[in-house]
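The sequence and structure are shown first.

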Amino acid sequence: MKKSTSLSMLVVGLAIASCAPADHSKDAEALLSGSSEAPAAGAFPVAGGAHDLPDDSARTIGADEAALVAEEVADIYRPFAAARSATITIAPEWDSTASTIAAVIRGVRGWFVIPRRPVLNPYLTRDVMRLTVCHEMGHFFAGFPFSRAGNARPTPDVTNLGTFLASEAQSDYFATKSCLWRVWAGDPDNAAYRDLVPPEGKARCDAVWGYDQDRRDMCYRTIVVAREWVRWKNNAARYSVDIATPDPTVVSRTNYGYPTDQCRFDSMVAGALCAPEHEDPTQIPGLLPSPITGLYGHHSVASEDDSRRSSCYEGFGARPACWFKPDMPEHDCGNGVGWTRCEEEDTVLATCTPPDGESRRQCSLGCVRFEDPELEDEIYVCAEDFPPDEDD
């Protein structure tokens, strides 16, 4: 098996779900033109009745204001990027429907955030946009565990990248742990969320942030906005997540892709409740090559250890088990490059890939050797993955 040796561009996009057959194209057209006649819900359900949200969490914004908010967040992180000889550019593509928003690395340390047309829906507020862009900043700054989505392939050299894009849920965690409080610091609106946060959220914020009223207020605000963010993501009036009903999933290996909405919300709540031992925004936590593969972006014990002080491993601020597996081992598969073989009378394909280790898969048409004279190693596959040509 050959190791990957190059990576010219990294792209991670935030997918937006379509939850209803309703046509929101007119809403997007109005928001593109600068109109915001379709208001986001301005009442937040809490124990004892609904309360009005502050304007930044209640008023729908259009394309121009969304771009300005993105610049506001980017301005906070530009000095940190500059310390790594990188630049941050907000580059809207409002005519594109490819995804809601993407984090892209182009050229030599050019870090781009690209908001697209699906960002614009009736639930996009200034605070939702801030959280969304904080998530994209997370792809650049959050570090371990790293993404495996899109073109984010492990690479032996990050000289031209300046980072390696973080995974989706790690970027969610970073957004609320490291970014939003920097955006909201000193905002007089923060105090309003004392009456808006659900009781369970308030209790957790109070337990973590104690006598620091400013951080407590921003923690309350984060939990409220995180729930609004899920509503925006799904373009749906109904709330689909709840702090009282966390995702019960316990993963055996870290999920590098998109977890469930509840799991992502749980991660955002955890981020708001994490007071890390150490955090330096100019350093990328865990940006080390795997000792086994020599590639950046691969899981390794060394990478996790390097990132440990910038996250929480216990208490309310620990990353949830619905996506994160702490202290996960690494595997060299005995030869450093991996192997495949057939087991259980050729009904099961066994695979070992460094540094992830072994996996097994049932083959409906049997496990067979892949015949290719150009391959030096013996490769085995499930027969159904390589059906015979029609002419055979």
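Cys352 has Glu358 as its bridge partner in β9. The model is predicted. Another bridge into β9 joins Leu349 to Arg361. Strand β8 (residues 348–353) and strand β9 (residues 357–362) are antiparallel and share six bridges. The two strands form a hairpin, with three residues between them.

Leu349 also stands opposite Cys342. On that side, β8 pairs with strand β7 (residues 339–343) in the antiparallel sense, over five bridges. The hairpin of β7 and β8 has four residues between the strands, and Glu344 takes a positive phi near 50° there.

Together the three strands make an open sheet in the order β7-β8-β9, with antiparallel pairing. Because β7 and β9 stand at the edges and each has a single partner strand, one side of each is left without a neighbour in the sheet. On average, neighbouring strands of this sheet are turned by 20° against each other, direction ignored. Is β8 mostly covered or mostly exposed? Strand β8 is mostly covered, with five of its six residues buried.

Strand β5 (residues 101–106) is likewise mostly covered: of its six residues, five are buried. Its partner is strand β6 (residues 110–115), which runs antiparallel to β5 and is joined to β5 by six bridges. One of the pairs across these strands is Val104 with Phe112 of β6. In the hairpin of β5 and β6 there are three residues between the strands, and Gly107 takes a positive phi near 60°.

| Strand pair | Bridges | Sense |
|---|---|---|
| β5 and β6 | six bridges | antiparallel |
| β7 and β8 | five bridges | antiparallel |
| β8 and β9 | six bridges | antiparallel |

The helix contact comes next. At what angle do the axes of helix α6 and helix α7 cross? The axes of α6 (residues 199–209) and α7 (residues 213–234) cross at roughly 145° and come within 9 Å. This crossing of α6 and α7 is right-handed. From α6, the contact is made by Gly201, Lys202, Cys205, Asp206 and Trp209; from α7, Arg215, Arg216, Cys219, Tyr220 and Ile223 take part. Sorted by class, the residues in the contact of α6 with α7 are five nonpolar, four charged and one polar.

Methods:
Residues are numbered from 1 along each chain as its sequence is written. This is a predicted model: local features need pLDDT of at least 70, side-chain atom pairs count only at pLDDT 80 or more; totals for chains, interfaces and linings use all residues. Side-chain values use heavy atoms; hydrogens and water are left out. Buried means under 20% relative accessible area, exposed over 50%, partly exposed in between (1.4 Å probe, protein chains only). Two strands pair if DSSP finds at least two bridges between them. Axes are lines fitted to C-alpha atoms, for helices over the stretch in contact, and angles run from 0 to 180 degrees between N-to-C directions. A crossing is left-handed if the near helix is turned anticlockwise from the far one by less than a right angle, and right-handed if clockwise. Contact means heavy atoms within 4.5 Å. Ala, Val, Leu, Ile, Met, Phe, Trp, Tyr, Cys and Pro count as nonpolar, Asp, Glu, Lys and Arg as charged, and the others, Gly among them, as polar.
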